[in-house]
Amino acid sequence: MNLRIAPEYLRFRIAADEFASLLSTGTLQSYTQCSDAVRFDYAIHTDPATTSADDCILVLSTTTVATGLRFDLKVFSDGIARLQSGQVGKDGLHEHQVLASGDLLTIGLEIDLHSKKDAATP
């Protein structure tokens, strides 16, 4: 799982095998160790029985934890269905989330169908 952070944009990108794992387990988790004391955790969660609220297919929550910051992305079942159907193409799913400050954050989830991780080695 890769996470790209840019001003006003946060994108989760997963390989096809990670998408299969997300479907079977309901969760993908990873982290980046930034220093000896600070760690950045991120995860994607889904539940096949949960549909989106207010037409939001992705919802991001953030938590400050003892070791740093944690991002949790919730993907609703209708978002998963769109990813499985191939309707979204290489751009994946995108959602705009208004922060308490009034700023707009674009959240994305993409499946890298051409990942070298998935390629068989000769």
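Ser 101 is exposed, with a relative accessible area of 58% (exposed means over 50%, buried under 20% and partly exposed in between, with a 1.4 Å probe and protein chains only). Ser 101 lies in the loop between strand 7 (93-98) and strand 8 (104-112). The model is predicted: local features need pLDDT of at least 70, side-chain atom pairs count only at pLDDT 80 or more, and totals for chains, interfaces and linings use all residues. Residue numbers start from 1 along each chain as its sequence is written, and side-chain values use heavy atoms, without hydrogens or water.

**Fold and dimensions**

- The protein has 2 helices and 8 strands (DSSP runs numbered from the N terminus: helices are H or I with at least four residues, strands are E with at least two).
- Their order from the N terminus is β-β-α-β-β-β-β-α-β-β.
- The protein is as compact as a globular protein of its length, because its radius of gyration of 15 Å is close to the 14 Å that the globule rule gives for 122 residues (the radius is taken over C-alpha atoms, and the rule is 2.2 Å times the number of residues to the power 0.38).
- The C-alpha trace spans about 40 × 40 × 25 Å along its principal axes.

**Packing, surface and charge**

- Buried residues make up 36% of the 122 residues.
- Among contacts with a separation of 6 or more, 56% join residues 24 or more positions apart (a contact means heavy atoms within 4.5 Å).
- The protein carries 10 positive and 16 negative charges, and their mean positions are 6 Å apart (Lys and Arg count as positive, Asp and Glu as negative; His and the chain ends are not counted).
- Each charge is placed at NZ of Lys, CZ of Arg, CG of Asp or CD of Glu.

**Confidence**

- Mean pLDDT is 87, and 91% of the residues reach 70 or more (pLDDT is the predictor's confidence in each residue, from 0 to 100).
- Confidence is highest in strand 3 (residues 27-33), at a mean of 95, and lowest in helix 2 (residues 77-85), at 87.
- Residues 118-122 have pLDDT below 50, and this stretch has 4 contacts in the model beyond near neighbours in sequence.
- Where pLDDT is low, the predicted coordinates should not be read in detail.

**Loop residues**

- Glu 8 sits in the loop between strand 1 (2-6) and strand 2 (9-15).
- Phi of Glu 8 is near 65°, a positive value in a residue other than glycine.
- Most residues other than glycine have a negative phi.
- Glu 8 is exposed, with a relative accessible area of 61%.
- From Ser 101 to Leu 83 the C-alpha distance is 31 Å, and the two are 18 residues apart in sequence.

**Strand residues**

- Thr 27 belongs to strand 3 and counts as partly exposed, at 28% relative accessibility.
- Not counting residues up to four places away in sequence, Thr 27 touches Leu 22, Ile 44 and His 45.
- Asp 91 is 64 residues from Thr 27 along the chain, and their C-alpha atoms are separated by 21 Å.
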